[in-house]
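Please consult the sequence and the model shown here.

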Amino acid sequence: MSHESAEKNPGDRHTQVNILVQIPKQYQQDPIITQLAVKYNVQVNILAATLGRDNTVSGWFDLQISGLNQAVKDALLYLEDHNVGVYHKESPETDGW
């Protein structure tokens, strides 16, 4: 694929988002974050996390997700479909390489 055709399809551009996610206690034993990387071929960097051992409260993760634009969008939809709270941080998305 040429550079020119990649620019015509926004899904082929590389992007990065910084988000806070709140994982409900019922999902704390499930590999929600691992699934992002595996199912959607995105890179997930955990910048910070708060997670209790007793599963009585939600876990919070400060994530940086990067990959192809469409893959990142699909990964965010996956989180929302699983009732994971997704809060976009104020820093803008980083586009391109």
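The buried residues of helix 2 are Ile-32, Ile-33, Leu-36 and Tyr-40, where buried means under 20% relative accessible area, exposed over 50% and partly exposed in between (1.4 Å probe, protein chains only). Because these residues cover an arc of only 115 degrees around the axis, they lie on the same side of helix 2; the arc is taken from the directions from the helix axis to the C-beta atoms. The model is predicted: local features need pLDDT of at least 70, side-chain atom pairs count only at pLDDT 80 or more, and totals for chains, interfaces and linings use all residues. Residues are numbered from 1 along each chain as its sequence is written, and side-chain values use heavy atoms, with hydrogens and water left out.

Among the elements that cover these buried residues are the following. Helices (H or I, at least four residues) and strands (E, at least two) are DSSP runs, numbered from the N terminus.

| Covering element | Residues |
|---|---|
| Strand 1 | 14-23 |
| Strand 2 | 43-50 |
| Strand 3 | 59-68 |
| Helix 3 | 69-81 |

The structure holds 2 aromatic pairs. In one of them, Tyr-40 and Tyr-78 are tilted, at 5.6 Å centre to centre with 50 degrees between the planes; rings of Phe, Tyr and Trp (its six-membered ring) pair if their centres lie within 6.5 Å, with planes under 30 degrees apart stacked, over 60 edge-to-face and the rest tilted. Since Tyr-40 belongs to helix 2 and Tyr-78 to helix 3, the pair ties together parts 38 residues apart in sequence. Both Tyr-40 and Tyr-78 are buried.

Methods: Contact = heavy atoms within 4.5 Å.
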